[in-house]
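This report covers helix packing and a few loop residues. The structure comes first, and the text follows it.

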Amino acid sequence: MATTSDIPKLTIAHRFSRTKDADVLSRGYTVFTDMGVEVNVFTTPSLPLAILKQDLDNLTVSAAAANDGAKKDIAQRKKDRRVVEQDLELLSAYVLKIAEGDPAIVASSGFVLAPPRAKSVPQPLPQPVVNSVDQGVTGQLLIEISSVAEAHCYFLRSAALINGLPGNWTEVTMTSTKKAVEFDGLTPGAIYAFQVRALGKAGFTDWSDSATRMCI
């Protein structure tokens, strides 16, 4: 049995207040005809279809009369137009409820579904880099890294070079790049490599190229 969360979110495409009279009438008569055909599906519409038909006929007459530009006729057209818009809004909500996520049922009603909104895909972050490696006190190096917009946090790792290759990495997590990171307890005379990566919505960046320096 499907749960509420399993039902796809459907939306009727037409925003009736932003369309021409002719388009509203065309859609309205299509809905009247199609829902009338599918009486076994739309058994208890929120608005009797006979009322929709009468309101559409009223708008057809007043829209034609308003072409002459008389204020009275234009006012009547606007009044009749609002009534039809309300009719269609009521019926569209009813159709969506009956459809329960089935686009075929919506299509059978004469209404048109809005295209699904494209989901934004998180983009990979730019690669952060080690900006500088400076000497602190004896046995200490100070590392500054670049800032990356929308990064949740940064991971900075260090390893002593053994025969030109990094040994075991030591990693720290950073939430800000404003202050230099202190690596203490290093061996004077040893060369250390430092790399950084960032974490964002799309996941981790690659580790940056190594920045190296001899500790004194």
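Which are the buried residues of helix 3? They are Arg77, Asp80, Arg81, Val84, Glu85, Asp87, Leu88, Leu91, Ser92, Tyr94, Val95 and Ala99. Buried means under 20% relative accessible area, exposed over 50%, and partly exposed in between, with a 1.4 Å probe and protein chains only.

The model is predicted: local features need pLDDT of at least 70, side-chain atom pairs count only at pLDDT 80 or more, and totals for chains, interfaces and linings use all residues. Residues are numbered from 1 along each chain as its sequence is written, and side-chain values use heavy atoms, with hydrogens and water left out.

**Helix 3**

Helix 3 spans residues 71-99, 29 residues in total. Helices (H or I, at least four residues) and strands (E, at least two) are DSSP runs numbered from the N terminus. From first C-alpha to last, helix 3 reaches 42 Å, close to the 42 Å expected at 1.5 Å a residue; the expected span is 1.5 Å times one less than the number of residues. Its buried residues pack against helix 1, helix 2 and helix 4 (103-108), where contact means heavy atoms within 4.5 Å.

**Helices 1 and 2**

The axes of helix 1 (residues 21-37) and helix 2 (residues 49-65) come within 10 Å and cross at roughly 155°. That makes helix 1 roughly antiparallel to helix 2 (an angle over 145 degrees). Axes are lines fitted to C-alpha atoms, for helices over the stretch in contact, and angles run from 0 to 180 degrees between N-to-C directions. On the helix 1 side, the contact residues include Val24, Leu25, Gly28 and Phe32, and those of helix 2 include Leu52, Leu56, Asp57 and Ala63. By class, this contact has eleven nonpolar, three polar and three charged residues. Ala, Val, Leu, Ile, Met, Phe, Trp, Tyr, Cys and Pro count as nonpolar, Asp, Glu, Lys and Arg as charged, and the others, Gly among them, as polar.

**Loop residues**

Glu100 follows helix 3 and has a positive phi, near 50°. Asn163 is not a glycine either, and its phi is positive at about 55°.

| Residue | Relative accessible area | Class |
|---|---|---|
| Glu100 | 59% | exposed |
| Asn163 | 79% | exposed |
| Thr175 | 70% | exposed |

Glu100 sits in the loop between helix 3 and helix 4. Asn163 lies between strand 3 (153-162) and strand 4 (165-166), and Thr175 between strand 5 (170-174) and strand 6 (181-183). Thr175 and Ser46 are 129 residues apart in sequence and 55 Å apart in space, C-alpha to C-alpha.

Technical notes: Angles under 35 degrees count as roughly parallel, over 145 as roughly antiparallel, 65 to 115 as roughly perpendicular and the rest as oblique.
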